[in-house]
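Please look over the sequence and the 3D structure shown here. The paragraphs after it go through some of its parts.

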Amino acid sequence: MGETLDTRWFDPARLNLLLGLLTFVAFLAINIRRAHSSKAGLFIRPIAGLKALDEAIGRATEMGRPVLYIPGIGDMSEVGTLAAITISSRVARRTADLGCDLRIPCYDPVVAALIDGTTREAYREANRADAYRAGSVYYVSATQFAYVASVTGTMLRDRPAANIYMGSFYAESLFMAETGNLTGAIQIAGCDQVTQLPFFVCSCDYTLLGEELYAASAYLGREPNQLATIAAQDWAKALAAAAVVLALILSALGHPEFGRLLRTS
Amino acid sequence: MRFGPLVVTFLTGATLIAIFFIPHHRAQETQSIILEWADVVYAFALVLGSLTLWTMHQKKVRQRGEGWFYSAVTLVSLAGMTILGVVQGVSADTVVGRVYNMVNAPLASTMFSLLAFFIASAAFRAFRARNVEATLLLVTAIVMMIGRVSIGEFIWKGFPPLTEWLLDVPNLAAKRAVALGIGLGAISTALKIILGIDRSYLGRG
Amino acid sequence: MAAATKSFWHRILGVDRRWIFLLVGIGTTLPLLFPVNLPVAPSPRVKAAYQAIEDVPEGSLVLVSLDYEPDIMAELQPMSIAVLRHCFRRHLKPVILTLYPAGPGLIESALAIASAAEGGRVRDEDYVFLGYKSGNQAVILGLGENIRGLFPRDFYGTPTDSIPIMKRVNSFADFPLLINLSGSAIADYYIRIGASRYHRPMVLGSTAVMASDYYPYLSSGQIKGLIGGMKGAAEYERLVGIVGDARHGMDAQSLVHVIVVLLVLLGNVALFATGGPKARIGGGA
Amino acid sequence: MMSGFDTWIAALLTLCVFSFLYRDNPFYRFAEHLFVGSSAGYLLAVSYQNVLKPNVIEKIGHGQLLPFIPLALGIMILGRMWERTSGIARWSLAFYVGIYSGIAVPSYLQAQIFAQLADAVKPFQPGWGAINSALVLLGFLSVLAYFFFSAPHTGLHGVGGRIGIWFLMVAFGASFGYTVMARVSLLIARMQFLLRDWLHVLPGA
């Protein structure tokens with residue numbers, strides 16, 4: 001570091017990370033094959049909040065009131081935002097099918113541009129391109145509380161029947177969820193920020209906890225390849241749990257070396 | 001038609017993963033350049049977003065729709081801040097800097113402080129001992145609220161260590177598992193996009 | 001049970017939330033007007049943060065990234081002042097930067113207060129203020145490579161190459177300690193890159209909410225100490241031996257906590273008085 | 001420090017926001033629209049001053065050619081303004097998504113997965129500490145079990161998942177209780193501003 005330039009083409013201290021990544025990619029490949037070869041498909045347990053998503057959109061349609069979809073205040077460097085974009089396209093497809101009004105205020109301008117595209121496409125696929133209103137997906141301001149002010153204003157004035165929160169949320173979570181609770185909307189949240197989960201749990205009807213947000217983005221598609229990624233994650237979790245237990249037993253027997261393999265630089 | 005963009009995503013994604021494992025200075029410099037480009041793309045996305053914001057409110061003002069006056073407020077402040085900021089700069093001694101401290105900063109911190117009210121009303125409404133789970137939630141929260149402030153120590157010396165224990169043991173255990181799950185979910189979501197398994201972000205539902 | 005009492009408890013359960021808001025408002029204002037000054041006891045994490053700064057050899061440069069804007073300055077500004085005062089008192093030389101565009105104004109004011117309180121400190125000799133740089137994660141990656149390249153000039157326009165003490169540092173690796181006070185994902189980036197990738201000892205100050213998120217990093221040793229929120233800042237003020245805004249606010253803090261706890265207890269009494277626990281968690285009234 | 005006029009504006013806007021607690025009203029609506037316009041404009045100006053000017057305009061002015069690449073990508077994103085050209089924005093978005101997906105994979109792998117695991121395998125502490133270590137392990141494994149999607153929550157897995165939910169609830173309660181403090185701090189600071197800087201009924205700065 002400092003003045004001398006690094007000329008190595010591989011960092012040996014990161015070998016364990018590379019092996020970890022390759023293992024995960026292998027799990028992914030195996031599960032994709034499994035998903036395609038087995039007739040019944042992979043078993044993935046249902047996620048309660050997702051069924052509620054359909055019901056909420058249905059109820060909004062009956063009531064003739066809009067659905068408000070809030071993709072969080074993460075930027076693209078947070079993967080929760082990517083999940084929010086994927087889920088938005090499923091939600092849009094559903095509102096397009098049912099002919100329900102959808103509003104998506106965005107915090108991040110890139111996310112707004114992406115969701116605008118996915119939503120248009122969803123309406124086109126549902127043969128309802130005409131029903132898509134320009135301005136349904138809009139950028140507000142990449143300033144946390146200016147965004148919140150605008151979203152809560154929309155909640156109070158347009159009275160959406162369902163508020164769907166998906167993505168990375170920070171302090172604003174409670175502000176929006178409590179305002180939504182006040183207006184009596186059905187509220188469904190999914191968030192990968194552990195600190196904000198308690199607020200969604202307290203103020204929403206259903207909450208996808210942590211990684212369920214990511215699982216939801218795969219689950220909603222119901223494509224074998226997507227489901228395979230959930231199974232691959234489960235394998236990795238099982239491997240991690242086994243590694244932890246094994247390492248603890250080995251270190252109790254006086255061999256702490258195994259645990260050190262997990263250290264990274 | 002979408003094949004091209006998919007290749008672009010794959011190539012940039014794969015390159016950045018590879019760079020992580022390559023300490024060579026050329027690789028690191030390449031990464032800096034790519035990230036700088038990303039900043040520029042983001043800046044243009046801001047322009048795009050602000051233009052749509054402008055059009056939306058301009059339409060309301062022109063049609064004299066409900067609440068058009070408020071849209072006019074947005075238009076004036078948006079145009080004013082942008083033009084002055086581009087011409088004069090944004091540091092604390094400029095008009096924009098002053099407006100920021102006089103308008104944006106107090107609005108942001110007051111909005112934020114409203115959470116103190118909401119957290120009290122949410123606690124009152126949701127913390128009811130309806131079942132085991134809800135009871136655990138409510139008891140931990142109460143211990144935490146009392147134990148973290150000075151008055152907790154007056155009531156019982158054991159409160160502060162108990163809150164530490166709650167944070168260090170059950171909280172740590174749960175958060176570690178959640179963090180691991182989120183990590184795996186995030187990696188697989190990102191890989192799905194790089195490998196083209198999930199294309200919905202490009203507009204395919 | 002008499003019908004009148006029953007309807008009282010029902011009314012408690014369905015009370016308009018604005019009455020709760022009013023109680024919280026009063027609970028905050030009264031103690032500010034009539035303080036009683038409850039004492040503050042430092043927690044082990046804050047002590048560890050204090051100790052990490054104590055352990056740096058006198059005269060060293062420390063990298064200080066103050067990443068917050070006015071909306072959360074309530075929690076982090078008193079912390080910045082206390083930490084800077086501690087650094088000055090120990091004759092450490094902070095090299096300060098911010099990743100938020102509205103950060104510099106707050107930092108200048110914190111520097112002015114800290115420097116004046118510690119008998120005056122000289123810019124570019126006792127500290128360097130590099131100013132703001134956009135790009136979050138990209139900047140932090142750059143800090144590992146070439147700091148003077150990343151910040152060719154400091155906040156006041158002085159070329160960084162011409163500042164004598166800056167000649168000693170150009171990357172994370174050159175600092176014995178990294179201090180980050182932030183209320184966002186910036187802290188994660190610093191942990192991932194500064195602390196994990198470059199193995200720098202790091203002290204983190206965060207908003208009270210984010211703090212518990214970082215406990216795992218504390219126990220894994222990726223960060224050395226953690227100051228959480230206004231309470232953490234008050235504890236730090238106590239360790240350094242000063243009384244600032246954080247310690248002034250602690251009475252109101254206690255009272256509002258008591259109000260919220262009493263409200264929750266009242267809600268549960270009402271719940272049992274009106275027919276006991278049933279229904280589900282969450283959702284709500 | 002703010003002048004008298006600026007303090008007055010800031011204080012009045014603070015009151016506009018507080019009025020939201022009673023109900024939605026024209027003052028809040030005004031503050032909301034002002035805030036949106038002023039913050040969006042500020043961001044635009046900041047990104048011009050800090051990104052577009054130094055990284056594109058000045059570099060191209062110095063005869064560099066490389067900045068034309070991000071400039072082109074940025075201009076392409078503006079294609080989203082019109083239906084007919086909106087497809088062209090896909091290329092820039094694909095590039096942008098690729099970058100952040102690529103960065104996410106190794107960073108999450110390192111900080112969320114390996115670092116957490118490396119910590120989880122630390123040997124048990126001696127004495128009473130061992131009980132805490134065992135509880136952390138139990139919590140970790142049971143919460144992982146809760147998040148295991150490939151099997152139904154029955155049998156041993158069901159029991160694990162149930163214990164996992166308890167750990168999660170305690171962690172949530174801890175987070176909630178811990179957060180109350182932060183929110184109240186922000187409200188205190190706002191009140192300090194109103195009472196001290198504006199009304200001068202508190203002593204101090």
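**The second largest pocket**

The lining of the second largest pocket is made up of 15 nonpolar, twelve polar and 13 charged residues. Here Ala, Val, Leu, Ile, Met, Phe, Trp, Tyr, Cys and Pro count as nonpolar, Asp, Glu, Lys and Arg as charged, and the others, Gly among them, as polar. This is a predicted model, in which local features need pLDDT of at least 70, side-chain atom pairs count only at pLDDT 80 or more, and totals for chains, interfaces and linings use all residues. Residues are numbered from 1 along each chain as its sequence is written, chains are lettered from A and ligands numbered from 1 in the order in which they are written, and side-chain values use heavy atoms, with hydrogens and water left out.

The volume of this pocket is about 1,100 Å³. On a 1 Å grid over the protein atoms alone, a pocket is an open set of points with protein on both sides within 12 Å along at least five of seven lines, a cavity is a set where a 1.4 Å probe fits but cannot get out, and lining residues have an atom within 4 Å of a point. Grid points are joined across faces, edges and corners, and a volume is the space filled by probe spheres set on the points. Among the 40 lining residues of the second largest pocket, Ala134(A), Gly135(A), Tyr138(A), Thr52(B) and Met56(B) lie nearest its centre. Helix 2 of chain B gives the largest share of this lining, ten residues. Helices (H or I, at least four residues) and strands (E, at least two) are DSSP runs, numbered from the N terminus.

The whole structure holds six cavities of 30 Å³ or more. The second largest cavity contains about 360 Å³ of space. It is lined by 21 residues, and those closest to its centre are Asp192(A), Gln193(A), Asp188(C), Asp213(C) and Gln112(D). By class, this lining has ten nonpolar, five polar and six charged residues.

Is Asn104(B) buried or exposed? Asn104(B) is buried (under 20% relative accessible area, whereas exposed is over 50% and partly exposed in between, with a 1.4 Å probe and protein chains only), because its relative accessible area is 3%. Asn104(B) belongs to helix 4 (residues 95-113) of chain B. Leaving aside neighbours within four places in sequence, its contacts (heavy atoms within 4.5 Å) include Met81(B), Phe35(D) and Tyr42(D).

Chain C has 13 helices and six strands. Of its 285 residues, 62% count as buried.
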